[in-house]
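Hello,

Please find the structure below. My notes on it follow.

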Amino acid sequence: MARKNNSNNKIFQQSGVIPYRVQDGTVEVLLITTRNRQSWVIPKGGICKGMTEYHSAAKEAWEEAGVIGTVENQILGSYKYRKNGNIYQVNMFLLSVNKVLEDWPEATQRQRQWLDINQACQLVKQNALKKIIAISPSQIKIIDYGQFSSEMCLAY
């Protein structure tokens, strides 16, 4: 089967989060499956019109993973991937999870799993995303400014 060609070479911008929590002094990240449940990934998607990248990323975490928390507004890293002949660039943000929902928009389409950093890096296929996940614990800090509660996403 021939690969579709994106003739204008446009790179589509997306944003995503690494949802995390600290359990017994260990940083855990939440991975989700793709809709076809063949790969483990992080919540990500197109940037919603009228929203900042990090607001949009927090909304994706609620829709795809059923988690609510506080997202930092600084980009943790970015990576590119190809899908259906298109190229996507994803800017990643940290999301400190404070609520895990039992029901969420894509609950029937995805699985989710809390993992330590090493386990998460083993399951994720994209090398650039593995590197971002690996550096995430060193970036986790408590700050009182520049954060957004993804509970606001429930209003959208």
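**Strand β7 and its partners**

Gln13 stands opposite Gln89 in strand β7. Strand β1 (residues 11-23) runs parallel to β7, and the two pair over ten bridges. Strands here are DSSP E runs of at least two residues, and helices are H or I runs of at least four, both numbered from the N terminus; two strands pair if DSSP finds at least two bridges between them.

This is a predicted model, in which local features need pLDDT of at least 70 and side-chain atom pairs count only at pLDDT 80 or more, while totals for chains, interfaces and linings use all residues. Residues are numbered from 1 along each chain as its sequence is written, and side-chain values use heavy atoms, with hydrogens and water left out.

Two further strands run antiparallel to β7. Strand β5 (residues 67-72) is joined to β7 by five bridges, and Thr70 stands opposite Ser96 in β7. Strand β6 (residues 77-83) is joined to β7 by seven bridges, with Gly77 and Met92 as bridge partners. Two residues lie between the strands in the hairpin of β6 and β7, where Asn84 takes a positive phi near 50°.

The structure also holds four aromatic pairs (Phe, Tyr or six-membered Trp rings with centres within 6.5 Å; planes under 30 degrees apart are stacked, over 60 edge-to-face, the rest tilted). Tyr54 and Phe93 form a tilted pair, because their ring centres are 6.1 Å apart and their planes stand at 55°. Tyr54 lies in helix α1 (residues 53-65) and Phe93 in β7 (residues 86-100), so the pair ties together parts that are 39 residues apart in sequence. Ring pairs also link Phe12, Tyr79, Tyr81 and Tyr88 into a cluster.

Regards
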